[in-house]
2 protein chains.
Amino acid sequence: MRKSLATVSISGSLTEKLESAARAGFDGVEIFENDLLGCPLTPEEIRDRAADLGLTIDLYQPFRDFEAVSPDRLAANLRRAEKKFRTMERLGADTLLVCSNVSPDAIDDDGLAARQLRLLAERAAAHGIRIAYEALAWGRHVNDYLHAWRIVRMADHPGLGTCLDSFHILSRGSDPGGIEALPGEKIFFLQLADAPPLSMDVLQWSRHHRCFPGQGGFDVAGLVAHVLRTGYDGPLSLEVFNDVFRQADTGRTAACAMRSLIALEESVAQVLGTESPLPRPAEPSGFAFAELATRDRERLGALLGGLGFSRTGRHAAEPVEVWEQGAARILLNGADPGDPGTSLAAIGLESPDPGASAERARSLLAPAPPRRRALREAPMDAVAAPDGTRLLFCRAGDPDHPDRRAGSSRAAPPAGGITGIDHVALSHPWHHFDEAVLFHRAVLGLRPHESFDVADPYGLLHSRAMSNEAGTVRMVLNIARLGDKDLPRQHVALATGDIVAVARRLRALPDVLLPIPDNYYDDLEARYDLGPERHRQLRELGLMYDRDEGGEFLHLYTATVGQVFFEIVERVGDYRGFGLPNAAVRLVAQHAPAPDRSAA
Amino acid sequence: MRKSLATVSISGSLTEKLESAARAGFDGVEIFENDLLGCPLTPEEIRDRAADLGLTIDLYQPFRDFEAVSPDRLAANLRRAEKKFRTMERLGADTLLVCSNVSPDAIDDDGLAARQLRLLAERAAAHGIRIAYEALAWGRHVNDYLHAWRIVRMADHPGLGTCLDSFHILSRGSDPGGIEALPGEKIFFLQLADAPPLSMDVLQWSRHHRCFPGQGGFDVAGLVAHVLRTGYDGPLSLEVFNDVFRQADTGRTAACAMRSLIALEESVAQVLGTESPLPRPAEPSGFAFAELATRDRERLGALLGGLGFSRTGRHAAEPVEVWEQGAARILLNGADPGDPGTSLAAIGLESPDPGASAERARSLLAPAPPRRRALREAPMDAVAAPDGTRLLFCRAGDPDHPDRRAGSSRAAPPAGGITGIDHVALSHPWHHFDEAVLFHRAVLGLRPHESFDVADPYGLLHSRAMSNEAGTVRMVLNIARLGDKDLPRQHVALATGDIVAVARRLRALPDVLLPIPDNYYDDLEARYDLGPERHRQLRELGLMYDRDEGGEFLHLYTATVGQVFFEIVERVGDYRGFGLPNAAVRLVAQHAPAPDRSAA
């Protein structure tokens, strides 16, 4: 299907927006009026610029507060419309979006609205222009898409149709099934936006918190399927008002918008039972490894040794070591450390078909991974995630797999040791969070869990877990909003079946464990009655505790090296979470200097 | 009155919070449980640290979901309470905040709630602890302060009272007048917060958007007056959950909190007709001058000359020039330029009593102005505004006034010239905006207008005007959220009675005016029918146009020098605004490079 982007959805000047939309592969744009007003180019120059870029101008918008008005207001509105028709002719735009009237003066009379819209359509037709009438969710009298359609039908003019907008329909909780009663040729335009579930004024929700399909909570694919069943063959057009996207990089947001539409097309095809435009997913089944880039291989090696890892391989030609324990594999790469000395550089994902996984990722516009100085001869299928981490798809046994590549010689895991990687937590700048949710959902097939805000002593940590059906690939996406103290933190959580044994071993080592304050354990005793023996043990070993309806969770944290730390977790029963109630205490401990007891 | 601060209101570790609260002059604190849990100090050490700082621990909070529960839940809750009593004893805190139950399991039975709270109060009394029961605005069955009070009265235990919280009362639209029916000695605690008017879920509103009294829209002073009439003599305690304050500087937020309480005491005194604790306001009556620090006196001098200003004085010993036109006075100070080359360094405010104005500002914790290299011998009464601009209070004729200080010799304004300073727009980092609103309100007596968001091509401009009753002192507080492109912009708006004459003069000069795109004028013709002659004139002269119910507004902008530009405004009739509908177009024009017509 043709894909279009409203210029309001991305940042920049109008020419920057057009260029980014074209580069991201869009076929057309909606010109948002404010973008035109501030542009130093004439409408003719904008038309030519768009044409040079291969973009059609599919819609001019918005035209407000036109219909259901008094006769003198109508005259003024028609005068206003004639000016806009003239601008649209110069621009080469043939469809005008008319939003349902929000003015307190609007008259509650569908017949009047229909007659006036018919008059507008007649005037527009003289300029070769069509009118697409849309119900705003906060329209004064018309706020439901079926109501707008009834008025369009009553007006009965070939140049007047309706515009459907997924936000206006789904934010009100309307049933989109009713769309199928509309004739497809009377749906002049389809605007798409998703949104997170927020309980707030719908106008503010719409103006500040829309997002691209797949980033929020609406069933946009279901709505589009209803629209396509009517025979609609116009563009799928994204119209997203979002405070963050307004501030983010133009080209990156445009690419994210396109990724959203590609993934949406796949979802729609699933609903309709038609062929998907995307390669079938070869979804990752587990973590093959986590690779840390570090200046400090010695310290990390000591930490991994303390955690019970063995160095099982060392690359012949590169400063890369492989450390293993159970199914957990950590690569230490000294060749290309990031600025903070130690950072998570790559995640290896076990895939049934690495080539297909990477191909799908590239179809979804996953960027190529950053150039690296090392591992040049290992041509694994790799892309870059939105936080910059490389994702490498590999299959055990393949020549590229790290166990072969670096000459790994895996030993049997020690009793009560680490059994594998439980999850990986990535840190994102504030303006790449929604992008990351969509990316990991579309590219890796992970399903997002609920979002949470955790209090940090210097701000808030916004956190959202994502996992596959089997629970074998779990990622936690974090965004820290810490004012000036912004510090990215990434971590690798390692699974064990006997965290008590692990903790015992670690407590014997200096400076390995993150100390948890005694006050936490006093509170834990207040919240849970686990028996004095258990409480004593948790406190002594510095273990944190959580439970849900499925089971229990025990975990501990190591000290941070560079921007990376490790977590050790034991899941008892069917616990599904990540120890969220303990996160605030952990964050305080991570910020804390060594306790200062000078006043005691 | 005693003043207290909940530790959740500011950022940092618990010890940082205690130190900042003490430094800002608070008498006590509420310990928010999460701050304790993460703290490496023992409760005894925290008690001692607070005592050393001269702080009492006035409240421990919150204790949740206690009352109106089944018998086995009650047993678990009492067990939990005993653990907390023990912690409070160690901490030296004698009042526990119990929030009304929000659990879906809570039983709708006031008698049961009362009996269980009485039991809790009996247990607490054995530890010398009192229970303050509070209705959360989103409590399951108890969400109104009078309902909580009825339960407290029914329980009838001397160790059980109520806690009133301005947010929970005013967010629900409850009438605070009912407070006067409560006996003062049964009000165990008073928590204060303001909030901006937001139409959203009250829990989210409370957790993320509370602010200090005077920063939002609630009549907190009126509520406090009701409370004081009951004979309440406990502390005024601020409990503010705010995403921005969580990330801001601890000490600065604590000082802002104290400023809020000092100003609140004055407002309460006005309501009660009692004596104010603050020096009477000597409110500024107009702008004496605006001072620009610049590396580029030549370019600014040329610009001011073009605007019709004359250099009327030059300081003997300092690189300071005075430029005047009508009542507008601009000082160019070459001694101490900021980083961006040219910035607004100071605003001179005409005051009937400069010493009293400055004294009041200092009573409200206005910081001393930044040290400067020049003007050392001019000891004007000065403080620093939250954006760093110096505010100097002066009285015409005084020896410190700039017309004398720099040997100004004012000339008569040219016909059709600038008559004075209309307003000044200041630029704030995102985490000092609420602070700035409160500062200018309390210190200068300016009243805030409505807040607006304006679309910028690279983000959003959040803007709030403030003015005095007479309209002679107008400031616009701006915060630009532009992602990585953050650029502070300040401007001085100059008033004229004949903007057409000013514009004619300026159009003859090269590179002085900000060009306004033709597309703006096409839209203006669509929106307003001012007659072809008028529209032609506006377009030709590059004037922007707005109107409100009171009158018309014509304005233009100069090019930006460093981070400063000038606006020229003509107010026709009683126009009260600032040309807001034109701001988005102006912002695009300010970002735009010279128009690139290469593709045309």
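Where is A:Asp156 found in chain A? Select it and you land in the loop between α6 (145–155) and β6 (160–165) of chain A; helices (H or I, at least four residues) and strands (E, at least two) are DSSP runs, numbered from the N terminus. Before going on, some ground rules: this is a predicted model, where local features need pLDDT of at least 70, side-chain atom pairs count only at pLDDT 80 or more, and totals for chains, interfaces and linings use all residues. Residues are numbered from 1 along each chain as its sequence is written, chains are lettered from A and ligands numbered from 1 in the order in which they are written, and side-chain values use heavy atoms, with hydrogens and water left out.

Next, pick A:Leu365, in the loop between α12 (354–363) and β14 (381–384) of chain A. Here too phi is positive, about 65 degrees, in a residue that is not a glycine. A:Leu365 is partly exposed, with a relative accessible area of 30%.

Now go to A:Gln61 and A:Pro62, which are joined by a cis peptide bond with omega of about -10 degrees. A:Pro62 sits in strand β3 (residues 56–63) of chain A. Jump over to chain B and you'll find the bond from B:Gln61 to B:Pro62 cis as well, omega near -10 degrees.

**A buried valine**

Is A:Val240 buried or exposed? Buried, because its relative accessibility is 0%. Look for it in the loop between β8 (236–238) and α10 (250–272) of chain A.

**Where the chains meet**

Zoom out and colour by chain. 56 residues of chain B are in contact with 56 residues of chain A. Together the two chains bury about 4,900 Å², 50% of it on carbon and sulfur atoms; buried area is the accessible area (1.4 Å probe) that two parts lose on being put together, summed over both. On the chain B side, show B:Leu37, B:Gln247 and B:Asn519, which lose the most area to chain A, together 12% of what that side buries.

How many salt bridges are there between chain B and chain A? Eight, where each is a side-chain nitrogen of Lys or Arg within 4 Å of a carboxyl oxygen of Asp or Glu. One to display is A:Arg79 with B:Asp529, at 3.6 Å, N to O. The elements giving two or more residues to chain B's side include α4 (71–91), β17 (447–456) and α16 (518–527) of chain B. Of these, α16(B) gives the most, with six residues.

**The axis**

Last stop: superpose chain B on chain A. A rotation of 180 degrees with 0.0 Å of shift along its axis does it, RMSD 0.0 Å, using least squares on the C-alpha atoms of residues with pLDDT of at least 70 in both. The two copies are therefore related as by a two-fold rotation axis. Select B:Met200 to find the chain B C-alpha nearest the axis, 1.9 Å from it. The same surface serves both copies, with 100% of the contact residues of chain B recurring in chain A.

Terms used
Contact = heavy atoms within 4.5 Å. Buried < 20%, exposed > 50% of the residue type's maximum accessible area, 1.4 Å probe, protein only.
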